[in-house]
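Please open the model in a viewer and keep the selection tool at hand.

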Amino acid sequence: MSTDTTDDIAWARRVNAQWIVREGLRASAAAYLDRLASIDPERLQRSCCRARRLTDRYGTSEDPKPWFYAGLFSLASGDEVRHFLTEHHFTLATLPGHEDELPAFLGPDSVATSTWEKILHIREGVAGLAGEGA
């Protein structure tokens with residue numbers, strides 16, 4: 001885990017601002033970061049660290065964006081998920097423990113096998129962070 005927490009937060013904000021993503025995900029993530037900064041700075045740091053760890057670990061050999069956003073939102077509460085990820089179905093699908101929040105059209109029988117495998121792979125990566133104490 002990075003010891004410079006300010007660096008993780010600045011890194012996450014910079015990455016989010018630079019990437020081209022669909023459906024307003026950048027704005028939702030920025031609003032989520034702002035919310036955490038105002039109500040829970042410790043969770044902000046942990047979320048940014050998680051985003052960085054997943055991106056560094058898995059994003060070098062494939063598209064880093066889904067890993068980044070899964071890590072960033074991995075500590076979101078149910079209310080935060082409903083508020084910030086309502087329109088961001090893929091990111092929502094990558095978060096373990098939020099399966100009940102998924103729209104009916106997003107499931108193993110309704111998306112390409114490769115897409116569902118990617119979702120499960122990212123979920124495993126996110127779940128693994130808890131085992132690392134992150």
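**The nonpolar core**

Begin by selecting Cys48, Phe68, Tyr69, Leu72, Phe73 and Leu85, which touch the most other members among the 28 residues of the largest nonpolar core. Such a core is a set of buried Ala, Val, Leu, Ile, Met, Phe, Trp, Tyr and Cys residues joined through side-chain atoms within 4.5 Å; buried means under 20% relative accessible area, exposed over 50%, and partly exposed in between (1.4 Å probe, protein chains only). Helix 2 (25–39) supplies the largest share of this core, 5 residues.

This is a predicted model: local features need pLDDT of at least 70, side-chain atom pairs count only at pLDDT 80 or more, and totals for chains, interfaces and linings use all residues. Residues are numbered from 1 along each chain as its sequence is written, and side-chain values use heavy atoms, leaving out hydrogens and water.

**Aromatic pairs**

Next, select Trp19 and Phe68, an edge-to-face pair with 5.2 Å centre to centre and 85° between the planes. Rings of Phe, Tyr and Trp (its six-membered ring) pair if their centres lie within 6.5 Å; planes under 30 degrees apart count as stacked, over 60 as edge-to-face and the rest as tilted. Trp19 is buried at 18% relative accessible area, and Phe68 is buried at 0%.

Then select Tyr58 and Trp67: their ring centres are 4.1 Å apart and their planes at 15°, so the pair is stacked. Tyr58 is partly exposed at 21% relative accessibility, whereas Trp67 is buried at 0%.

Finally, display Trp11, Trp19, Phe68 and Tyr69 together; ring pairs link them into a cluster.

Notes:
Helices (H or I, at least four residues) and strands (E, at least two) are DSSP runs, numbered from the N terminus.
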